[in-house]
Amino acid sequence: MRHPRTVLSAVLGLGLAAALGAVPATAAQAADSPTAAATPSYVAYEGSAEDAKATKAFFEAVVKSVAEKRAANPGARVVTVNYSAASAPRFRAQIASSTQIWNSSVANVRLQEGANPSFRYYEGNDARGSYASTDGHGRGYIFLDYRQNQQYNSYRVTSHETGHVLGLPDNYRGPCSELMSGGGPGTSCQNASPNAQERARVNALWANGLAAAIARVS
């Protein structure tokens, strides 16, 4: 989720690392002051082909990880996706709220904190802001940037990034009522919930369990 000044013409954009091999902030970076300044370095990345590729790679990593864990029951209609919030202690409340929002909004997939997670949350300072990506080894993660979470509604930022876990792309041209519009509507936007179209898209994506989800990313 980026500042609206960085939005480019493409719909897919905000919220992903500049390279698929990027890794989350180190423990030292995460210990930095939440008010530390960040120099925008992601303008050229927004809306790029790399951005779209990273969006797809992140979702694929999550789906395949879940598929491996649920191979014994591939036709399950409700899929559970485990995550870890251990590396983002300052955002425990936001992550819990995001989980509750999404679990109450969709019926075919469920998020829960648990062992052997399919993706992890991290926190720290990053000039790219908050984003979802892969670590270069097929594992997904969400990075929550301190500065951005002070500028924008932190609950919206976290719910937005979690939307990528469920397969939703960015759409910065959308209104505040559209969760995946991210920072497009500006810092005054307080909405942290998906709209009816976003809920329907997630339910359709995960309909009929893992087999259908895997087919959509293969």
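**View 1. The side chain of Asn195 reaches the backbone nitrogen of Glu198 at 2.8 Å.** This is a polar contact, meaning a pair of N or O atoms within 3.5 Å; within protein, one must be able to donate a hydrogen and the other to accept it, and residues adjacent in sequence count only if both atoms are side-chain atoms. The model is predicted: local features need pLDDT of at least 70, side-chain atom pairs count only at pLDDT 80 or more, and totals for chains, interfaces and linings use all residues. Residues are numbered from 1 along each chain as its sequence is written, and side-chain values use heavy atoms, with hydrogens and water left out. Asn195 sits in the loop between helix 5 (154-165) and helix 6 (196-205). Helices (H or I, at least four residues) and strands (E, at least two) are DSSP runs, numbered from the N terminus. Asn195 counts as buried because its relative accessibility is 15%. Buried means under 20% relative accessible area, exposed over 50%, and partly exposed in between (1.4 Å probe, protein chains only). Leaving aside residues up to four places away in sequence, Asn195 touches Ser177 and Glu178, where contact means heavy atoms within 4.5 Å.

**View 2. One disulfide is found in a search of the whole structure.** The disulfide joins Cys176 to Cys189, with an S to S distance of 2.0 Å; the rule asks for a pair of cysteine sulfur atoms within 2.5 Å. Cys176 and Cys189 both lie in the loop between helix 5 and helix 6, so the pair ties together parts that are 13 residues apart in sequence. The torsion about the S-S bond of Cys176 and Cys189 is about 85°, so the disulfide is right-handed. Cys176 is partly exposed, at a relative accessible area of 27%, whereas Cys189 is buried, at 4%.

**View 3. Tyr131 and Phe143 form a stacked aromatic pair.** Rings of Phe, Tyr and Trp (its six-membered ring) pair if their centres lie within 6.5 Å; planes under 30 degrees apart count as stacked, over 60 as edge-to-face and the rest as tilted. By this rule the count comes to seven aromatic pairs. For Tyr131 and Phe143, the distance is 5.3 Å centre to centre, with 20° between the planes. Tyr131 lies in strand 4 (residues 131-134) and Phe143 in strand 5 (residues 140-145), so the pair ties together parts that are twelve residues apart in sequence. Both Tyr131 and Phe143 are buried. Tyr122, Tyr131, Tyr141 and Phe143 form one aromatic cluster.

**View 4. Ser105 belongs to helix 3 (residues 92-105).** A polar atom of the Ser105 side chain lies 2.6 Å from the backbone oxygen of Ile101. With residues up to four places away in sequence not counted, Ser105 touches Pro194, Arg199 and Asn203.

**View 5. Val157 is found in helix 5.** Val157 counts as buried because its relative accessibility is 0%.

**View 6. Asn116 has a phi near 50°, a positive value in a residue other than glycine.** Most residues other than glycine have a negative phi. Asn116 is placed in the loop between strand 2 (109-113) and strand 3 (119-124). Asn116 is exposed, with a relative accessible area of 51%.
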